[in-house]
Amino acid sequence: MSTTLVLVQVLNGLQLGILLFLVAAGLTLVFGVMDVINLAHGVQYMLGAYLMVTASAVTGSFWLGLPLALAAALVLGLVLEWLVIRPLYGRDHLEQVLATFGVILFVNEGVKLVWGAGPRAIPMPEALSGSIRLMDGLNYPVYRLALVAAGLAVAGLLYVLVTRTRAGMLVRAGASNAPMVSALGVDIGALFAKVFAFGAMLAAFAGAMAGPILSVEPGMGDGLLILAFVVIVIGGIGSIRGAFVAALLVGLIDTLGRSFLTDLLKLVLSASAATQAGPALASMTVYLLMAGILIFRPRGLFPAPA
Amino acid sequence: MRCGVQSCRAGLAALAIAVSAGVAAADPVKVGLVATLSGPSAVLGQHMRDGFLLAVKEMGGTLGGQPAEVVVVDDELKPDVAVQKVKGLIERDKVDFVAGVVFSNVMGAVVKPVTGAETFLISGNAGPSTIAGAGCSPFFFSASYQNDQNHEVLGQYAQAKGYKKVVLMAPNYQAGKDALAGFKRYYKGEVADEIYTQLGQLDFSAELAKVAAAKPDAFFTFMPGGMGVNLVKQYRQAGLAETVPFLSAFTVDETTLPATGEAALGFYSGAAWAPDLDVPANKAFVAAFEKEYGYIPALYAAQGYDAAKLIASAVKATGGKLTDKDAVRAALKKADFASVRGNFKFNTNQFPIQDFYLVKVGKRPDGKVETMIAEKVFAEDGDAYADKCPMK
Amino acid sequence: MTRFAQTLGLPLVLFLLLAAAPLWADTFTLSLLARAMIFALAAISLDLILGGAGLVSFGHAALMGIGAYGVGILMAEGVSEALIAFPVAMAAAGLFALATGALSLKTRGVYFIMITLAFGQMAFFVAQSLSAYGGDDGLSLAARSLVAGERWLRGPLAFHYTVLGLLAAGALLCGALLAAPFGRVLRAAKDNERRVRALGLDPYPYRLVAYGIAGALAGLSGALFANLTEFVSPAFLSWHRSGELIVMVVAGGMAAAALKAGGLGRPGSALLGALLVVLLEEALSDLTEHWRIVFGPLLVLLVLAGGKRARGGRT
């Protein structure tokens, strides 16, 4: 394994981590601020991708389609908040889990009725469809670099929003003591609705951006939802910074595990045993990482102040 | 779910009554069609179901002259759910045939409850090696293929083409391991790397970097469903498509091509069928299918269509006396129907002996993308497990 | 009277209905009920820790799957005797629960949910890589287990009453545990851990024992499940199934609370949840391929309608 290959894999890991961060950011925000476990976050990611399929087809352009899809996702987020989430504030986590699980079933079936069961595609924007040569025989699509840049931009934007603006201050205050903020004359209900819809839009942004490199299909958000939960739990619930670090960590560990674990095992095991154990272990690395971190830090890497 | 839509069951029954006015007092033939219709793989089941129902519709709602009733159930790609559903088909609906089944792990779970109840099971897709070999059953017929065969096509092609070094890749599960074993049965050159990926994997950049680093003459993969869509797109985007030929099975077909589009142009696959296969029955089937459903049929649709025709042939030959199991079995074994695959007959293990082709993704005159026959690789090919089956 | 309804009324009615089922049910309905009862046993064991101790395990299907694989692997190795295989399945699942529980119980809340998911996923991937036992394709059982050398589990009636009997035993055990001082410590620690510690009690060993017992019971349900389907598959261990079990327990708790006949932490409610979910899925999927578009909103409505009453479980 050459140094170039290792570097390329590190880049791949970072890029997967950024995608995970885009999904996890909204989840941890809603969880941390509103204390709501929103399992429907995964289907919001999927809806983003499907809305983008339609929006980019209707407008004929990626760049015109993106704001349209995001606006639609924002509206759907507000509707979902109003219909299902609002009555769940302050309720038991398990009840939130059950209700949002119901939303998953409904939306997964709904997209099949609306867009069909087969996989769909989002065309890659012309301007970003080039590629650069990373190593002999391997190109790196510019689009993936754009994805990384978009992820970093979202991270920066969130940081500024939460720590430097009045809205962010209210969000932080609302998270630690909602009744107090409410007593001070702030409409906490409206604030929560905005946060939730913003989270939905972040998930949809991730889905729309992932569309050109991934298959858009029913249930595409389910597996990613689990990974996103892994990320926010490792990072510490409610912590955007934690989600960012954990997403990169998970992306890197997963990618490097898939790339090199089998070869490493071959150094200590027979070749056939290594090809048996390697892939199984590589699938587990993320979960081993999470279990390991939680055993030593039961509230994640960056626990929110109690 | 009974029948894709409730109306479909009712509709077929009505059709059957209208047609059977001329048919002498007949018990309806009841077929349970098991397909995966939920989750990301639902599209495969949808193709199979639509192919099967198209055949029944074309025959005027009958199978072999008897009015037909098709009960469609969704196995949800969960083996235990599938077992529950086929028990319902057999014990409650009292079906005469169970047909369909997309995935091998589902087939592994249902084969015993169905054949154990002495009900005929007609596979519309899955063909695991155990059922082709020592676990073969007089009540099991495959209207599809044995799982290894499509992979062997690419192995043979890579060998004949003189590729010196290949990289193989499949998801880390049984079907993936079988796929690579099937390829290696005919390919004798160097295998630079065997990469096993996670089931349901989204991003393949790490694996593609390894492929590029190995600099192989060709790349072979088995990556069904949405995973295949992701891989095909990313393979093209990584620029590998220009340098390393993409050989595959169940990865580029008409279920995934709508999503991959032109990214898959020039990619190879192995199959016993393609929409442009030059057989009269096939021309008619593809045209009727596109007219009826508005999309291009895939392998699964063709196999579902053939499964219905196979059942019809047996019903007809026995005059509808489906209680005589030996007679039905003898009739099924003759495979007396016009397969969309042309050459089609049964081996001793009741899997097909048929031709296999290298197919290549190309563009039709109307701009749509589909797989097209490139060359015949195996003629009248039986599978590698038939001699392990005690049936003669 | 209300107190009677809350503790014994609901399970009594359900058990009587299940016991009388063979009077009217055909063999298919019996196998459907067996499936529901097996899930009910798993749900009751999950409820012991979920409702009783407030610990939401998202890896419960793995325990069930380990029990199923226990029976499957032993049978592949030539041991078909249920009197050996079932205890082994229970011990394997119980030990796995104790080992992973010892680590998981250091965490709380969502962190506990996720760490149990992690261990469940590890078990799933191990099952998937068991090439000798079919790997992802699963493992077909030669037949149902023997009981003292006899093949009577093959009969639908005998199987029905075997499952019913074990389910009743499991429900009684969990009910008794929850009513005993042991259960009171669990509940007190769930409501206010600090106060329990102030009384000089460490809840950790109580929780661990409860988790181990829940694991063994889940293993038993897995052993029965393997016998029902005569097949074991890694899919039995998937997180989807763990999620379904949580849905059964929570939906059952809420439905029972709405009927003023129980709530979380009562075996009768988990039983109701499992029966409701399995039978409703079957009924809806008979109506339309797109049954989830009805079932999803039903769950939402149950939660919204349940409102504050859902707290009517054990307090």
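1. Strand pairing first. Two strands pair if DSSP finds at least two bridges between them. Strands here are DSSP runs of E with at least two residues, helices are runs of H or I with at least four, and both are numbered from the N terminus. In chain B, strand β1 (residues 29–35) and β4(B) run parallel and are joined by four bridges.

2. Conventions. This is a predicted model: local features need pLDDT of at least 70, side-chain atom pairs count only at pLDDT 80 or more, and totals for chains, interfaces and linings use all residues. Residues are numbered from 1 along each chain as its sequence is written, while chains are lettered from A and ligands numbered from 1 in the order in which they are written.

3. More on β4(B). Four bridges also join β4(B) to strand β5 (residues 120–123) of chain B, again parallel. B:Leu33 stands opposite B:Ala99. B:Gly100 has B:Ser123 in β5(B) as its bridge partner. From β4 (residues 97–100), B:Phe97 and B:Ala99 point one way, B:Val98 and B:Gly100 the other, and all are buried. Buried means 20 or more other C-beta atoms within 10 Å of the residue's own, with C-beta atoms placed from the backbone.

4. Nonpolar core. A core is a set of buried Ala, Val, Leu, Ile, Met, Phe, Trp, Tyr and Cys residues joined through C-beta atoms within 7 Å. The largest has 363 residues; A:Ala204, A:Val231, A:Met290, B:Ile311 and C:Ala40 touch the most other members. Helix α2 (residues 27–53) of chain C gives the most to this core, with 17 residues. At least three residues come from each of domain 1 (6–145 + 277–346) and domain 2 (148–271 + 356–387) of chain B. Those bounds come from an automatic or database domain assignment.

5. A:Val231. Contact means C-beta atoms, placed from the backbone, within 7 Å. Beyond neighbours within four places in sequence, A:Val231 is in contact with residues including A:Leu20, A:Ala24 and A:Val250.

6. Chains A and C. The contact takes 33 residues from chain A and 34 residues from chain C. On the side of chain A, α4 (93–115), α9 (220–235) and α11 (271–296) give two or more residues. α4(A) gives the most, with 14 residues.

7. Annotated spans. The unreviewed UniProt entry marks "transmembrane region" on chain C at residues including 110–130 and 204–225. Such annotations may be inferred rather than shown by experiment. Residues 110–130 of chain C are 90% helix, with end C-alpha atoms 31 Å apart. Residues 204–225 of chain C are 100% helix, with end C-alpha atoms 31 Å apart.

Key: Buried ≥ 20, exposed ≤ 12 C-beta atoms within 10 Å, placed from the backbone. Contact = placed C-beta atoms within 7 Å.
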